[in-house]
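Dear colleague,

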Amino acid sequence: MAKTSPSRAAGRALAWLAALVVGLTAILGIGVATGQAGWAPKLALDLEGGTQMVLAPQTASGEQATPEQLAQAVEIIRQRVDGSGVAEAEVATQGDQNVVVSLPGVPDEDTRRLIQASADLQFRPVLQSAPGEPTPEEQLLPKDQFPAPSAEPVDAYDPNWLTPDLADEFQRADCTVPRDPNAPRMPEDRAVVACQPAEETPAGTAPAIKYVLGPVVLPGTEVTNAQAGLSQASGGVTTNEWGVNVDFTAAGSAAFQDITRRLVQYPRGDPRKQFATVLDGSVVSAPQVTQVITGGSTRISGGGFTEQSANQLAEQLNYGSLPISFTIESEQQISATLGQDQLRWGLIAGLIGLVLVAVYQFFQYRALGLLTFASILVMGLLTYLAIVILGWTDNYRLSLAGIAGLIVAIGLTADSFIVYFERIKDELRAGRRVEAAVHEGWKRAQRTVTASKAVNLLAALVLFFVAVGNVRGFAFTLGLTAVADLLVVFLFTHPLMVLLAQGDFVGRGHRMSGLDPRQLGVDSALYRGAGQVHEPRPAPAGDDARSAGSAPEDAPLAPEGVLSGATAAAAGGRPGRRRGRGEPAMTIAERRRAERARAAEAARRPADTQEDAS
């Protein structure tokens, strides 16, 4: 199979880069055309302003929340907000009473529910069930006509939990109306009345149901993993019903097995054969147990789950339930803490840094500095498109810390090109022609560049997962630019350098190309380009030992693989001949020693001849 030529491989890499840019632009264009995205990135709270919500805690006992509960709630809310894709949000306590959540822009209803919902998951046994409508007034029984418990309940499954007060509450409960989100949390150690709202199912609308539930037998804290997914029928066929698959801890698995073992003994149709999955005070599902479940996992289905609501519930369960519930006490719009002035000065600082890097690259590398500048622009384009698309798909917002990461990335990106160009210069000083120097320099430079960017990316990942707040914005842009830099170096800078090396301007070492042999310390009298050297002029008669072909110790060398005229003559060969296939390659010092040895030997031969003649 024929080997791909360097120019063809370079053209293919440039084509891949062009396809990537066109693809990202097309994706963003679709978002703009559908009105879901814009061409500009979304800005974070410190640059755009947003909404500030003050959450007031509520406890089931009515007591004031402790500082430990507030601190735990702040951490859980922060994880939920970050996990939902709302970037650069700020969550903190206000004194010892409230929690303040500041979000960029105007949050939607899903975000509000995500913040406010406690995600309190409970598994409770069912003691009694009935349709969700309240009992008509004319059919209500007086409270004193309900039978009193015969004894104290011994476990959560004991029907003695059903007191006259609870029975009266049960007959008056109306589950056709939505539950008040500000209602206090249900006590875990007592029986309660709970509702399962009406829901839309593939078979139609399922009516609301009300239950009397025993105390909690399995809390949501025993959940180790929750994942949304479509349900599967008994034959393995995927249905259109969304739900959440839940895995338990070892203790939770044992408790769940005990629940199913107790309930499986009741006859079919008995409400006590059911166990209810309760989320934030509402029954999501209440299936009947037909066998003992020993796998340590279950599925929460029903509740009219959509893909979005199922994923939201899985997210809430993974991050944990709030130790207390909250009500939104106040909500107000806040102005940008830094504003447009800081954004403008940040962009000016980035432009100044870009100009300084471009000026330095031009004076250091001449025309190759333009290649560096073009590479930085391509890297900036890829980063910009990625940030805007992430703002559309994942609600990523650019903060001033993120802009600082982009500015730092300009210098880090320039480092990659400096390493590459210096490697090329080293190969030229060793005597290689430009095309060979580009090839060999790239083989050495790509390992250094890859290792450097891997370190940058690793540092950004550690900083992103360890830090909170604005520091994560800095880490994100730093890691994103490291990936973009690798793409640009491999798909743009090196391929374009390969193509330039095949032209006369760079390939023959024009003085403005940055690869001028005189600037690199290579004698222009010997350097002719394309791996060729000029033959040295013959020395005048009567000269010293140099006339015999010796070369001064500091004489410049021909490119690797080509012997200078003096060396070739001393070796008995043609000046400028190439090294044979079987001859080993030598280092610069080895070649210098070999030339001096041949010159000394050639200088001794006339003296030996004169002695023989005498």
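Two strands are taken to pair if DSSP finds at least two bridges between them; strands (E, at least two residues) and helices (H or I, at least four residues) are DSSP runs, numbered from the N terminus. The model is predicted, and local features need pLDDT of at least 70, side-chain atom pairs count only at pLDDT 80 or more, and totals for chains, interfaces and linings use all residues. Residues are numbered from 1 along each chain as its sequence is written, and side-chain values use heavy atoms, with hydrogens and water left out.

Strands β10 (residues 223-232) and β11 (residues 238-248) pair in the antiparallel sense over eight bridges, with Val-244 in β11 as the bridge partner of Ala-228. β11 also pairs with β14 (residues 297-300), in the antiparallel sense and over four bridges; here Arg-299 is the bridge partner of Asn-245.

The largest nonpolar core has 39 residues, and those with the most contacts inside it include Tyr-420, Phe-421 and Met-497. Such a core is a set of buried (under 20% relative accessible area, 1.4 Å probe, protein chains only) Ala, Val, Leu, Ile, Met, Phe, Trp, Tyr and Cys residues joined through side-chain atoms within 4.5 Å. Its largest share, nine residues, comes from α9.

Arg-472 lies over the face of Phe-464, at 4.1 Å from the ring centre. The criterion is CZ of Arg or NZ of Lys within 6 Å of the ring centre and within 35 degrees of the ring normal. Lys-210 lies likewise over Phe-170, at 5.3 Å.

Conventions:
Buried means under 20% relative accessible area, exposed over 50%, partly exposed in between (1.4 Å probe, protein chains only).
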